[in-house]
Amino acid sequence: MRIGVQTGGIEERFGFDQTIAMIHEAGFDAIDLNLDHLLSYADIKNHVNSGFFDLSDAEMKAKLAPWKASIEKHGIDVYQAHSPFPCYIGDAATDAYTLHALKKTIMLCGYFGCKNLIVHPAFKPYDEKLDPEEEWRINKEMYMALLPELRQYGVTACLENMFGVHRGKVMSAVCSDPHEAVRYIDELNAIAGEKLFGFCFDIGHATLVGNDPLDVMRILGNRICAFHIHDNDGRSDEHLMPYMGIANWDRFCQGVHEIGYNGVLSLETFNAINIFPQELSMEALRMESAIARQLSEKIQSFQ
């Protein structure tokens with residue numbers, strides 16, 4: 001199986017071109033492109049427009065042309081990408097601009113040849129938790145607004161299992177229940193009349209809310225188009241390498257085998273880079289690659 005890693009966490013230290021060179025040298029086949037950095041979490045929460053998504057399509061592509069050149073130079077596949085997050089905060093003007101950014105992010109996926117875009121479902125913090133049907137209505141409207149772009153650029157919008165925190169305790173959030181995730185995906189695809197929506201299974205988030213990865217994958221099945229693979233201590237979203245936390249990797253590998261997944265095993269392990277001094281970044285990246293290959297071999301062992 002092919003293996004991948006996100007660009008975020010490395011890019012901030014070394015710049016984009018060197019990041020791609022390092023990812024290639026470490027033995028990865030693909031990347032999860034952090035397009036969300038073009039409109040950050042802090043920008044959205046603080047109602048700040050980065051300015052990037054005010055540019056024309058041609059101007060956006062021109063600014064990112066060096067990224068594309070670096071990716072092509074090193075023969076790396078852009079298997080999946082992050083879109084701006086959060087997608088919804090309950091402020092009409094900010095949410096409208098974020099939706100505009102999501103549409104343009106889909107266009108950029110077309111530019112990079114990326115077929116899977118993680119578009120986190122809309123939800124509010126636990127203390128402001130939405131009624132489930134109101135939450136579904138907001139998500140349905142958001143995802144349906146993306147249909148023209150998804151069709152035009154041949155991109156699958158991947159929902160993700162989310163979590164919240166209340167007084168220091170991790171709580172489940174939208175699509176953390178795999179049955180709810182199935183409902184979302186199937187109803188969205190039924191409305192679309194074609195398969196334009198899938199799922200990115202985040203094993204770190206599942207670990208936080210106590211969901212067994214094998215059980216989740218058996219329910220979601222081939223709706224899973226992408227992964228966010230990382231580990232934690234069960235209390236905070238640490239984004240560590242597999243085996244550095246409490247996730248059950250045997251159950252994960254069995255699940256990947258059972259659903260017949262043949263995409264990229266993509267690590268979302270930026271903190272596993274950041275906890276080491278910068279001069280050890282390459283060694284840490286090589287370790288991540290070795291772990292991803294080991295997981296791939298373990299999946300194959302279930303044959």
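Here are some numbered notes on the structure above, starting with how to read it.

1. A word on the ground rules: this is a predicted model, where local features need pLDDT of at least 70 and side-chain atom pairs count only at pLDDT 80 or more, while totals for chains, interfaces and linings use all residues. Residues are numbered from 1 along each chain as its sequence is written, and side-chain values use heavy atoms, with hydrogens and water left out.

2. Let's begin with the core. (Helices are DSSP runs of H or I with at least four residues, strands are runs of E with at least two, and both are numbered from the N terminus.)

3. Now look at Phe197. Setting aside neighbours within four places in sequence, its contacts (heavy atoms within 4.5 Å) include Tyr143, Leu147, Ile185 and Ala192.

4. On to the rings: there are 11 aromatic pairs in the structure. Rings of Phe, Tyr and Trp (its six-membered ring) pair if their centres lie within 6.5 Å; planes under 30 degrees apart are stacked, over 60 edge-to-face, and the rest tilted. Tyr41 and Phe85 make a tilted pair, 5.7 Å centre to centre with 35° between the planes. This pair links distant parts of the chain, with Tyr41 in helix α3 and Phe85 in the loop between β3 and α5, 44 residues apart.

5. Phe227 and Phe252 are an edge-to-face pair, because their planes stand at 75°, with ring centres 5.3 Å apart. Phe227 sits in strand β9 and Phe252 in helix α11, 25 residues apart.

6. Last stop, a hairpin. Strands β6 (163-166) and β7 (169-172) pair in the antiparallel sense over 4 bridges; pairing takes at least two bridges found by DSSP. His166 has Lys169 in β7 as its bridge partner. Between the strands there are 2 residues, and Arg167 takes a positive phi near 50° in this hairpin.
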